[in-house]
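Please look over the structure below before reading on.

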Amino acid sequence: QVHVVESGGGLVQPGGSLRLSCTHSGRPFSIWAMAWYRQAPGKQRELVAGITSGRVTNYADSVKGRFTISRDNAKKTVYLQMINLNPEDTAVYYCNARLSEQEHWGQGTQVTVSS
C-alpha cells in the first residue's frame, strides 16, 4: 500500500509564507514525478507546480516567482515553499505522485490566506 501524506497547511496573513511537505512511500521515491495541485471552493483542481525525477520543474503562471517546488529523495519528501501569499491562494493543496500509469494522491492540506 502506497501512502501519500501532506502537511504544513494552515492560516496565514496576506504576504505571509508557508512550506508544505509531502511524503510518498513508493519505492524508490527518486523515480517518481511529484506535483502539487490545489482546489479552491467551486473551482476545478489545478496544477500548481511539478518536479520530475530529474528535478525539472514547472509552475502555474499564477505562482511563478512566489512558489518553489523541491524534493529530498533521501527523505522521500517533496516540498512547496510559498511566499507572498494572497487570498487567491486559498485552497486545499494536494500532493500527486506519478510513474508511468501509476498515480497516487494525498488527502490534501488546507491553506487559508486571510487577514
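Leaving aside residues up to four places away in sequence, Ser53 touches Ser30, Ile31, Trp32, Ala33 and Arg71, where contact means heavy atoms within 4.5 Å. This is a predicted model, in which local features need pLDDT of at least 70 and side-chain atom pairs count only at pLDDT 80 or more, while totals for chains, interfaces and linings use all residues. Residues are numbered from 1 along each chain as its sequence is written, and side-chain values use heavy atoms, with hydrogens and water left out.

**Ser53**
- Ser53 is placed in the loop between strand E5 (46-51) and strand E6 (57-59), strands being DSSP runs of at least two residues, numbered from the N terminus.
- With a relative accessible area of 39%, Ser53 is partly exposed, a class between buried (under 20%) and exposed (over 50%), using a 1.4 Å probe and protein chains only.
- Ser53 and Ser25 are 28 residues apart along the chain, and their C-alpha atoms are separated by 15 Å.

**Strands E1 and E3**
- Strand E1 runs antiparallel to strand E3 (residues 18-24), and four bridges join them, where pairing requires at least two DSSP bridges.
- Opposite Ser7 stands Ser21 in E3.

**Arg45 and two rings**
- The charged end of Arg45 sits over the ring of Tyr94, 3.7 Å from its centre, the criterion being CZ of Arg or NZ of Lys within 6 Å of the ring centre and within 35 degrees of the ring normal.
- Arg45 also lies over the face of Trp105, at 4.7 Å from the ring centre.
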